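Keep the structure open while you read.

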Amino acid sequence: MTDLRSPELDTLTGRTGIRVEFYDPDGTRYGFPTFPYYAAPDGLATVRQLRAAGLRPNGQNPIAQIYWRHRKQRRVAYLYRLDLAAPKRTATPAQREAIAKALRARRTCRHCGVVQPYYIPRRTGSCLDCTGGH
């Protein structure tokens, strides 16, 4: 995975003279190989895309980034190699039990001890019945 250039974006720049703002496959402008939104090279994925595919980065460092603008802010997403990604780990039964216990504690009222079908507001620390429904 050495060549990160996009032939489409290269020809667009050469044909029209318009420089795509966030296209920097060599990393000269942004210090890291950079691509515009929806223009990441094949074989690279963001953490969310890896997670959706049942994968994780597996300790690898990102090799490129995606830049885009959102409400006058510059946003970034890092890209990881798909061939180095590993399957997501599954929680052990003990870990799942601990998570269930913690979530149950968030639904248990400190005052009346009733387990509610909703999370207890941290602001009051008690269920809606004990706080008067406010």
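## Ground rules

Let's settle the burial words first: a residue is buried under 20% relative accessible area, exposed over 50%, and partly exposed in between, using a 1.4 Å probe and protein chains only. The areas themselves come from the Shrake-Rupley method with a 1.4 Å probe, and for residues only the protein chains shown count as cover.

What you're looking at is a predicted model, in which local features need pLDDT of at least 70 and side-chain atom pairs count only at pLDDT 80 or more, while totals for chains, interfaces and linings use all residues. Numbering runs from 1 along each chain as its sequence is written, and side-chain values use heavy atoms, with hydrogens and water left out.

## The overall layout

The protein chain has 3 helices and 6 strands. Going along the sequence, you'd read the pattern as α-β-β-α-β-β-β-β-α. Of the chain's 134 residues, 26% count as buried.

## A positive patch on the surface

Which residues make up the patch of positive charge on the surface? They are R48, R51, R75 and K88. Patch members have over 30% relative accessible area and no salt bridge; like charges are joined within 9 Å, and nonpolar side chains (Val, Leu, Ile, Met, Phe, Trp, Tyr) within 5 Å. Lys and Arg count as positive and Asp and Glu as negative, with His and the chain ends not counted. Each charge is placed at NZ of Lys, CZ of Arg, CG of Asp or CD of Glu.

R48 sits in helix 2, which covers residues 47-52, and R48 counts as exposed because its relative accessibility is 70%. In sequence R48 is 29 residues from A77, yet their C-alpha atoms are 9.5 Å apart in space. K88 belongs to the loop between strand 6 (86-87) and helix 3 (93-106). With 45% relative accessibility, K88 is classed as partly exposed.

## A nonpolar patch too

I99, L103 and Y119 form a nonpolar surface patch, and together they have about 270 Å² of accessible area. Y119 comes in the segment after helix 3. Its relative accessibility is 41%, so Y119 counts as partly exposed.

Side chains of opposite charge can pair when their charged atoms come close. A salt bridge here is a side-chain nitrogen of Lys or Arg within 4 Å of a carboxyl oxygen of Asp or Glu. How many does a search of the whole structure find? It turns up 1 salt bridge. R81 pairs with D83, and the closest N and O atoms are 2.7 Å apart. Their side chains also make a polar contact (2.7 Å). That term means a pair of N or O atoms within 3.5 Å; within protein, one must be able to donate a hydrogen and the other to accept it, and residues adjacent in sequence count only if both atoms are side-chain atoms. R81 is in strand 5 and is partly exposed because its relative accessible area is 22%, while D83 is exposed at 52%.

D24 lies in the loop between helix 1 (7-16) and strand 1 (34-36). D24 is buried but has no salt bridge: the nearest side chain of opposite charge is R29, 5.1 Å away. The backbone nitrogen of R29, however, is 2.7 Å from a polar atom of the D24 side chain.

## Two positive phi angles

Y38 isn't a glycine, but has a positive phi of about 65 degrees. You'll find Y38 in the loop between strand 1 and strand 2 (44-45), and it is exposed at 77% relative accessibility.

R71 is likewise not a glycine, and its positive phi is about 50 degrees. R71 lies in the loop between strand 4 (64-70) and strand 5 (73-81). With 72% relative accessibility, R71 counts as exposed.

Key
Helices (H or I, at least four residues) and strands (E, at least two) are DSSP runs, numbered from the N terminus.
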